[in-house]
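Welcome, and please take a moment to look over the sequence and the 3D view below. A short briefing follows, grouped by topic.

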There are 2 protein chains.
Amino acid sequence: MATIYEVSKLAGVSLATVSRVINNTAQVREATRVKVEAAMQELGYRPNSVAQSLASNRSNSIGILVSELSGPFYGELLARIEEEFRTVGKHVIIAAGHSDAELERESIEFLRSRNCDALILHVESVSDNYLRGLADGGCDFVLINRYVRAIADRCITLDNRQGGYLATHHMLELGHRDIAYVSGPMWKNDAKERYAGHLEALAEFGVAENKTLFFEGDFQETGGVRGLQHLLGTDVPFSALVCANDEMASGAITAAHDIPLDLPQQLSVIGFDNVNFAHYTYPKLTTVDYPIAEIGQMAARWVLKNVYHQPVKELQDVFEPRVIERDSTQKI
Amino acid sequence: MATIYEVSKLAGVSLATVSRVINNTAQVREATRVKVEAAMQELGYRPNSVAQSLASNRSNSIGILVSELSGPFYGELLARIEEEFRTVGKHVIIAAGHSDAELERESIEFLRSRNCDALILHVESVSDNYLRGLADGGCDFVLINRYVRAIADRCITLDNRQGGYLATHHMLELGHRDIAYVSGPMWKNDAKERYAGHLEALAEFGVAENKTLFFEGDFQETGGVRGLQHLLGTDVPFSALVCANDEMASGAITAAHDIPLDLPQQLSVIGFDNVNFAHYTYPKLTTVDYPIAEIGQMAARWVLKNVYHQPVKELQDVFEPRVIERDSTQKI
DNA sequence: TTGTATGCGTTATCAC
DNA sequence: GTGATAACGCATACAA
């Protein structure tokens, strides 16, 4: 790779001048600019962004940390973030934290050491305190899908409690009263919140919680399968099933077909997230929309505004879920 | 962030010695190593990998370029690659090429300018010539899902033709003779190859190709929907539908339910890729397995071996597809 | 075993 | 406008 030095030699100017035309950072006489550009062209010069980064303490790259790289949820998030940055010449460095506290910390340190200008974090295991410390340490980052009071201005969240409320509320409005619930891992905040919303809806309709109709799954498909099987095994009747995410709902639907159970006649099922395979299920899954792509976009804009100081349209920090009614739920 | 210089001062040794204990690149007396480590600990020192990269011309990072960040296919690929590298302390920088030639080139240049030690490319639009030039230019990269003769030793592929053959062969063996085909964009190599395999199987069974039973889709769900609707509209009867990927198969299944058509009694459907939502469909989708995760793993190992010169288990460069029989196909 | 000195490719602060 | 020149944080020959 040609260096800036070779370009300067070929163009008969100094390093500094070449740097100026590259970065458009000062006035350069038109004639010399042309000379330099010709030289760059001829040598096929591309700036070495590592050196740029070291010298300028700016990398034009943003670190993204998500729990998983696979799965419909994170894929959409990443895609939107990348898109948003690509259009303004920034780039993303991606790492996975796998819901493991140490790995999350390590990945954050890695991204910082890569001189990322900012971080977009979707972390579940690291403590609030750690995040507060990060912020105090002068690290620019936004937090997705998590609320930490001390750094509320960098949190972009979905109202999970409200989502849980809406899901169960939907069932209640359809006339269901015996409602089973398959939760995510209760140590995860979103799982807890969604469940809280569920209870709130039940309370509002004066329905008592039946603890035997609760199953703690793993946010995976198998969790839904095991969940439905377990619930059916309790012999406590129920006409509706609320699942804390779409993967588990799909698992439950699959398990129901295997029984077989007629859906939605014998059992109404609702999911959460509205991931892109939700309409592959049969019947098509009614679910609660999680506007993950928009959240990603908003996170990107937060960075554009607060770190790169670019003018951006208004920022939104809390998103509201809503029920997407399809075919897996019906009146009792 | 503390620098190596501050560490050396605190530990009372030179820069070089600190560097040595960091990289374990030469013998250091135990006592001084301890001193240095204590100093690093105390300062919370983390090496600046940008500076490391500039100085050593090695970044311990691998650039990955895929067509899309979303979708089950690439997600699994990325996840496996990241995992494989993470365990050996390497990191990935990810970019999306969006099947656009210019964007692909740009992304490759970006990754190179980031001083990536190697690239793993899944590109569809850039020319063979360009890739050959890249290789000649001394860029270390592996090519996934594409075969370029001149650089055959860096290609890791699935035998798409064989996969297409197997899919249709499966239908033929079940007794189907009127077989419709929904293809991917024919400018894409894998779409072309899969279709070639389809024709080969037909020929083997002495079945003439019926061009009215061919539809060129877009590898997306909607392509499958439109495909089935179009094919049904031709009024040429068919009992089996071969789709060039699972997304389109899912779309076709959805469309079939809407008709409604009984699956698989009235129509057998087979997909291709075996993405993770294939068993969410109803009936569960019979498909051709594309071991994308293994291919990702192999690409990572190629890099480990050829670029980092680490000992790795044997490398495999061409993978064989196989039919995964589930519930969406049956004997006629 | 440890220290010194130089270079990696840029940016940025001075002068001119 | 333009050109020296000092950082940036680290690796690495070469000395000691």
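Here is a guided look at the protein chains, the DNA strands and a few points of backbone geometry.

This is a predicted model, in which local features need pLDDT of at least 70, side-chain atom pairs count only at pLDDT 80 or more, and totals for chains, interfaces and linings use all residues. Residues are numbered from 1 along each chain as its sequence is written, chains are lettered from A and ligands numbered from 1 in the order in which they are written, and side-chain values use heavy atoms, with hydrogens and water left out.

**How the two protein chains pair**

- Chain B superposes on chain A by a rotation of 180 degrees with 0.1 Å of shift along the axis, at an RMSD of 0.2 Å. The two copies are thus related as by a two-fold rotation axis. The superposition is by least squares on the C-alpha atoms of residues with pLDDT of at least 70 in both copies.
- In the interface, 44 residues of chain B are in contact with 46 residues of chain A, where contact means heavy atoms within 4.5 Å.
- The copies meet through the same surface, because 100% of the interface residues of chain B are also interface residues in chain A.
- About 4100 Å² is buried between chain B and chain A, and carbon and sulfur atoms give 61% of that area. Buried area is the accessible area (1.4 Å probe) that two parts lose on being put together, summed over both.
- B:V50, B:R114 and B:Y280 supply 18% of the area that chain B buries against chain A, more than any other three residues.

**Around DNA strand C**

- DNA strand C is surrounded by 24 residues, and the closest are A:I4, B:T17, B:R20, B:R29 and B:T32. A residue is near a strand if one of its heavy atoms lies within 4 Å of it.
- Sugar or phosphate accounts for 64% of the atoms of DNA strand C within 4 Å of the protein, and the rest belong to bases.
- For B:T17, a polar side-chain atom lies 2.6 Å from one; for A:N23, a side-chain N or O atom is 2.9 Å away; and for A:N48, a backbone N or O atom lies at 3.0 Å.
- The elements giving two or more residues to the surface near DNA strand C are α2 (15-23) and α4 (49-56) of chain A, together with α2 (15-23) and α4 (49-56) of chain B. Helices (H or I, at least four residues) and strands (E, at least two) are DSSP runs, numbered from the N terminus.
- The largest share of this surface, 4 residues, comes from α4(A).
- By type, the surface near DNA strand C divides into 11 nonpolar, 10 polar and 3 charged residues. Here Ala, Val, Leu, Ile, Met, Phe, Trp, Tyr, Cys and Pro count as nonpolar, Asp, Glu, Lys and Arg as charged, and the others, Gly among them, as polar.

**Around DNA strand D**

- Of the 25 residues around DNA strand D, A:T17, A:R20, A:T32, B:I4 and B:Y45 come nearest. Sugar and phosphate make up 66% of the atoms of DNA strand D that come within 4 Å of the protein.
- A polar side-chain atom of B:Y45 lies 2.5 Å from a phosphate oxygen of DNA strand D, and one of A:T32 lies 3.2 Å from a phosphate oxygen.
- A base is also reached: a polar backbone atom of A:A55 is 3.3 Å from a base oxygen of DNA strand D.
- At least two residues of the surface near DNA strand D come from each of α2 and α4 of chain A and α2 and α4 of chain B.
- That surface divides into 11 nonpolar, 11 polar and 3 charged residues.

**Backbone points to look for**

- Most residues other than glycine have a negative phi, and most peptide bonds are trans.
- The peptide bond from A:Y282 to A:P283 is cis, with omega near -5 degrees; A:P283 sits in the loop between β9 (268-270) and β10 (287-289) of chain A.
- A:S99 is not a glycine, yet has a positive phi of about 55 degrees; this residue is in the loop between β2 (91-96) and α6 (101-113) of chain A.

Terms used. Polar contact = N/O pair within 3.5 Å; in protein donor to acceptor, adjacent residues only side chain to side chain.
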